[in-house]
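Hi,

Here's the structure I promised to send over. Have a look at it first, and then read on for what turned up.

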Amino acid sequence: MPVRLADLANPSDQALIVELLDMYCRDQFGDGKPLSAAARENLIPGLAAHNGARVFLAYEDDQPAGFAICLVGFSSFKGKRLINIHDLAVAPGFRGRGIGRALLAAIDDEARRLDCCKVTLEVRSDNELAWQLYRRFGYRPSEPAETWFWSKPLD
């Protein structure tokens with residue numbers, strides 16, 4: 001199952017990224033509502049301006065099946081780059097077919113290519129299907145103590 005890095009300058013890839021993120025936003029593990037007009041307008045320019053953005057697109061039978069938006073960051077404790085999986089989703093009609101595993105493998109390959117020390121992600125506490133996938137792929141809660149993801153909205 002092919003997975004490739006999106007070209008953020010390509011209008012077809014741009015449209016596909018927005019479409020797939022909208023699909024994820026509407027899902028039960030997204031916000032349960034469509035991607036906002038502001039997010040639609042700012043997504044591609046924002047990703048393009050972020051020099052560390054990597055968007056992975058997965059296909060099955062030439063049909064878009066899933067995506068992952070990742071951001072390259074830096075681990076001060078390790079003194080090396082890391083990749084954070086910010087969003088990862090598989091379209092409902094393609095779930096259970098290995099798309100998530102293919103995306104995670106492509107992200108691992110990119111992290112190794114960039115000489116990253118780790119790959120990080122956040123996962124909702126009620127998304128047990130995602131937990132299962134991540135655990136099978138070697139992800140574990142942070143140690144020695146679980147790290148909680150906190151946020152402060154600024155709007």
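One term before the rest: when I say an element is in contact with another, I mean heavy atoms within 4.5 Å. Also, keep in mind that this is a predicted model.

Let's start with the sheet. Five strands make up an open, mixed sheet, ordered β1-β2-β3-β4-β5. β1 (3-5) and β5 (119-121) sit at the edges, each pairing on one side only. From one strand to the next, the twist averages 30 degrees. β4 (residues 80-90) pairs with β5 in the parallel sense over three bridges, and I85 has L121 in β5 as its bridge partner. Helix α1 (residues 11-26) lies across β1, β2 (53-60), β3 (63-75) and β4, at about 90 degrees to β3.

Now the charged residues. There are eight salt bridges. Here are some of them:

- R97 and E60 meet at 2.4 Å, N to O. This pair ties the loop between β4 and α3 to strand β2, 37 residues apart. E60 counts as buried because its relative accessible area is 15%, under the 20% cut-off, while R97 is partly exposed at 42%. Beyond its sequence neighbours, E60 is in contact with M1, A65, F94, R97 and I99.
- R54 and E110 come to 2.8 Å between their closest N and O atoms. They join β2 to helix α3 (residues 99-113), 56 residues apart, and both are buried.
- R26 and D22 meet at 2.7 Å, N to O. They are four residues apart in α1, so about one helical turn separates them. D22 is buried at 9%, whereas R26 is partly exposed at 48%. Together with R40, they form a salt-bridge network.

Cheers

Conventions: Residues are numbered from 1 along each chain as its sequence is written. This is a predicted model: local features need pLDDT of at least 70, side-chain atom pairs count only at pLDDT 80 or more; totals for chains, interfaces and linings use all residues. Side-chain values use heavy atoms; hydrogens and water are left out. Two strands pair if DSSP finds at least two bridges between them. Helices (H or I, at least four residues) and strands (E, at least two) are DSSP runs, numbered from the N terminus. Axes are lines fitted to C-alpha atoms, for helices over the stretch in contact, and angles run from 0 to 180 degrees between N-to-C directions. Buried means under 20% relative accessible area, exposed over 50%, partly exposed in between (1.4 Å probe, protein chains only). A salt bridge is a side-chain nitrogen of Lys or Arg within 4 Å of a carboxyl oxygen of Asp or Glu. Lists of a residue's contacts leave out its neighbours within four places in sequence.
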